[in-house]
Each structure stands twice: as C-alpha cells, then as structure tokens.
Amino acid sequence: MTRIPGPRLTLEGASPTALADLWSGGDGGFDWLGGGPYDGTRDAAGMVFRAHERGVLRPDFGLYVVVRQDDRRAIGSMGFHAAPDEDGRTEIGYDLVPGARGHGYATEALRTLAGWALARDDVRRLFATVEQGNAPSRAVLERTGFVRVGEGEGTYAYELRGRPRPGVA
C-alpha cells in the first residue's frame with residue numbers, strides 16, 4: 001500500500017482488509033488516538049471497500065489513514081472519493097478524531113496529499129465540499145490553498161488547481 005510521508009504525519013494507504021475492518025467497526029490494524037476512528041472514516045472505508053468489491057478502485061485513489069510519526073497513533077483519515085476523471089478532477093474528503101483537532105494535523109495532511117496528487121500527471125484539480133457551518137474544515141481548505149468555487153444547499157464547494165502542464169488545457 002502507498003505511504004505518503006509529511007513533516008509530522010504519514011498517510012498510510014488502507015488495504016482492502018483494513019477497509020473492511022474499519023467499515024465493520026474495527027480499528028483496521030491501527031492504534032487509534034481516542035479509541036477508534038471517527039464516523040467519517042468508517043463511512044469512507046465502506047465507500048472505498050465497496051469500490052474495491054466492484055473492481056473500480058484504482059490503486060492510490062482510496063482511503064489513507066493519517067498516522068502521527070512520533071507515536072504511530074492513527075488520528076484520522078483522508079482520501080479520494082474516486083480516481084480522477086478524464087479532466088483530471090477528483091474529490092477529496094477527510095476527518096480527524098476529536099482529540100487530534102486544533103493541532104494543524106488536518107492542514108498538514110491535506111497539504112501532503114494535495115502535493116502528492118497534483119504532482120501526478122493524471123490529477124489537475126482537487127475538489128472538496130464542506131458544510132457551510134463547519135468553519136474549522138473551511139479554514140483547513142483555505143490554508144491549503146483551496147478556493148471557494150460554489151455553494152449548494154448548506155454546503156460550499158472548493159477547488160485546488162495544480163500547475164498548468166505544457167500541452168494540457
């Protein structure tokens with residue numbers, strides 16, 4: 001599985017076995033801060049595991065568990081809703097256990113994942129949606145360089161574009 005190191009964190013790709021375990025209420029083989037992952041991680045694990053079962057999960061575009069390097073504790077997850085489309089656009093999502101919030105971990109993890117993704121030839125834009133009332137998550141996106149590009153019922157849409165590539169519109 002893919003591992004993406006950051007300054008204080010490592011994003012560890014979750015295997016199908018770990019995904020199934022997380023989805024069913026387990027720990028996925030990780031030592032979690034606060035006793036276990038937050039609901040968003042469990043929901044995302046189920047979504048990614050179902051994509052794996054259908055044979056549509058593309059390697060590297062699944063769920064990553066966010067692990068602190070100093071104590072090897074899992075503090076949340078971050079990942080992709082699907083592989084990039086033909087325009088190089090993919091959506092990301094993330095969450096942290098409550099005890100890890102407010103320490104800059106989400107911003108660091110998102111910068112790490114965004115940098116890794118946008119360095120690839122097949123990713124040109126990252127997309128995220130967030131509830132309008134979720135000011136901390138909006139701040140994470142904005143600190144990472146995402147720009148608000150729209151809004152829906154109770155949500156804002158954000159986008160981060162990669163560097164233009166020669167010959168690519």
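## Overall dimensions

With 169 residues, the protein would as a compact globule have a radius of gyration near 15 Å, and its value of 15 Å agrees with this. The radius is taken over C-alpha atoms, and the globule rule is 2.2 Å times the number of residues to the power 0.38. Along the principal axes, the C-alpha trace spans about 45 × 35 × 35 Å.

## Model and confidence

This is a predicted model, in which local features need pLDDT of at least 70 and side-chain atom pairs count only at pLDDT 80 or more, while totals for chains, interfaces and linings use all residues. Residues are numbered from 1 along each chain as its sequence is written, and side-chain values use heavy atoms, with hydrogens and water left out.

The average pLDDT (the predictor's confidence in each residue, from 0 to 100) is 93, and 96% of the residues score at least 70. Confidence is lowest in helix α2 (residues 39-53), with a mean of 93, and highest in strand β4 (residues 63-68), at 98.

## Secondary structure and packing

The protein contains 4 helices and 9 strands, arranged along the sequence as β-β-α-β-α-β-β-β-α-β-α-β-β. These elements are DSSP runs numbered from the N terminus: helices are H or I with at least four residues, and strands are E with at least two.

Of the 169 residues, 46% count as buried; buried means under 20% relative accessible area, exposed over 50%, and partly exposed in between (1.4 Å probe, protein chains only). Contact means heavy atoms within 4.5 Å. Among contacts between residues at least 6 apart in sequence, 58% join residues at least 24 apart.

## Surface and charge

The protein exposes about 8,600 Å², of which carbon and sulfur atoms supply 49%. Accessible areas come from the Shrake-Rupley method with a 1.4 Å probe, and for residues only the protein chains shown count as cover.

There are 21 positive and 23 negative side chains, and the centres of the two sets lie 5 Å apart. Lys and Arg count as positive and Asp and Glu as negative, whereas His and the chain ends are not counted. Each charge is placed at NZ of Lys, CZ of Arg, CG of Asp or CD of Glu.

## Buried residues

Leu 22 belongs to helix α1 (residues 16-23) and is buried, with a relative accessible area of 0%. Beyond four places in sequence, Leu 22 touches Asp 27, Gly 28, Trp 32, Pro 37, Thr 41, Arg 42, Ala 45, Leu 63 and Val 65. Its C-alpha is 9.1 Å from that of Gly 36, 14 residues away in sequence.

Ala 14 lies in the loop between β2 (9-13) and α1 and counts as buried at 6% relative accessibility. Thr 144, in the loop between α4 (135-143) and β8 (147-152), is buried at 12% relative accessibility. With neighbours within four places set aside, the contacts of Thr 144 are Thr 107, Leu 110, Arg 111 and Leu 160.

## Loop residues with positive phi

Most residues other than glycine have a negative phi. Asp 60, which is not a glycine, has a positive phi of about 80°. Asp 60 sits in the loop between α2 and β4 and is partly exposed, with a relative accessible area of 24%. The C-alpha atoms of Ala 14 and Asp 60 are 9.6 Å apart, across 46 residues of sequence.

Arg 72, also not a glycine, has a positive phi of about 60°. Arg 72 is in the loop between β4 and β5 (73-80) and counts as partly exposed at 42% relative accessibility.
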